[in-house]
Amino acid sequence: MFKLFKQDKLALGIILGFIAPLLAFGAYYLVFSYRSHESFAEYVARFKYNRGLIPKVSALCLLANGVIFYFYTQSRKDITAKGIFLVTMLMAVSILLLKLIF
């Protein structure tokens, strides 16, 4: 399984770029909302009523891509890092649009 992460492919970078923010979102839930005994459905519903929270939490989740990008650039896996960077920029533009809308 770890051989998969040692490859230098654009598709791997794109997939990691989408998965890392989702994992960060789950970690954010566990750290900040799990102690209040709030279910995950209630946690997600909170975003429905407080839309200003979406860009803030999304930006925090995007930091996970920065960490992965750093590790792949340090290990000279530049093509994978390009995929991560591509997804990060797409998500950053989406967050900016959400900030302008909400």
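Colleague: Where does Gly83 lie in this structure?

Modeller: Gly83 has its place in helix α5, which covers residues 78–101; helices (H or I, at least four residues) are DSSP runs, numbered from the N terminus. This is a predicted model, in which local features need pLDDT of at least 70 and side-chain atom pairs count only at pLDDT 80 or more, while totals for chains, interfaces and linings use all residues. Residues are numbered from 1 along each chain as its sequence is written, and side-chain values use heavy atoms, with hydrogens and water left out.

Colleague: Why is Gly83 called buried?

Modeller: Gly83 has a relative accessible area of 0%, and buried means under 20% relative accessible area, with exposed over 50% and partly exposed in between (1.4 Å probe, protein chains only), so Gly83 counts as buried. Leaving aside neighbours within four places in sequence, Gly83 is in contact (heavy atoms within 4.5 Å) with Leu10, Gly13 and Ile14.

Colleague: What makes the pair of Phe40 and Tyr43 tilted?

Modeller: A search of the whole structure finds eleven aromatic pairs, among them Phe25 and Tyr43, a tilted pair at 5.3 Å centre to centre and 40 degrees between the planes. For Phe40 and Tyr43 the ring centres are 6.0 Å apart and the planes stand at 40 degrees. Rings of Phe, Tyr and Trp (its six-membered ring) pair if their centres lie within 6.5 Å, and planes under 30 degrees apart count as stacked, over 60 as edge-to-face and the rest as tilted, so Phe40 and Tyr43 form a tilted pair.

Colleague: How do you know whether Tyr43 is buried or exposed?

Modeller: The relative accessibility of Tyr43 is 1%, and therefore Tyr43 counts as buried, whereas Phe40, with a relative accessible area of 40%, is partly exposed.

Colleague: Why is α2 described as roughly perpendicular to α3?

Modeller: The axes of α2 and α3 come within 11 Å and cross at roughly 105 degrees. Axes are lines fitted to C-alpha atoms, for helices over the stretch in contact, and angles run from 0 to 180 degrees between N-to-C directions. Angles under 35 degrees count as roughly parallel, over 145 as roughly antiparallel, 65 to 115 as roughly perpendicular and the rest as oblique, so α2 is roughly perpendicular to α3.

Colleague: Which residues make the contact of α2 with α3?

Modeller: Phe25, Tyr28 and Tyr29 of α2 make the contact with Phe40, Tyr43 and Phe47 of α3. Ring pairs link these residues, together with Phe32, into a cluster.

Definitions and conventions:
Helices (H or I, at least four residues) and strands (E, at least two) are DSSP runs, numbered from the N terminus.
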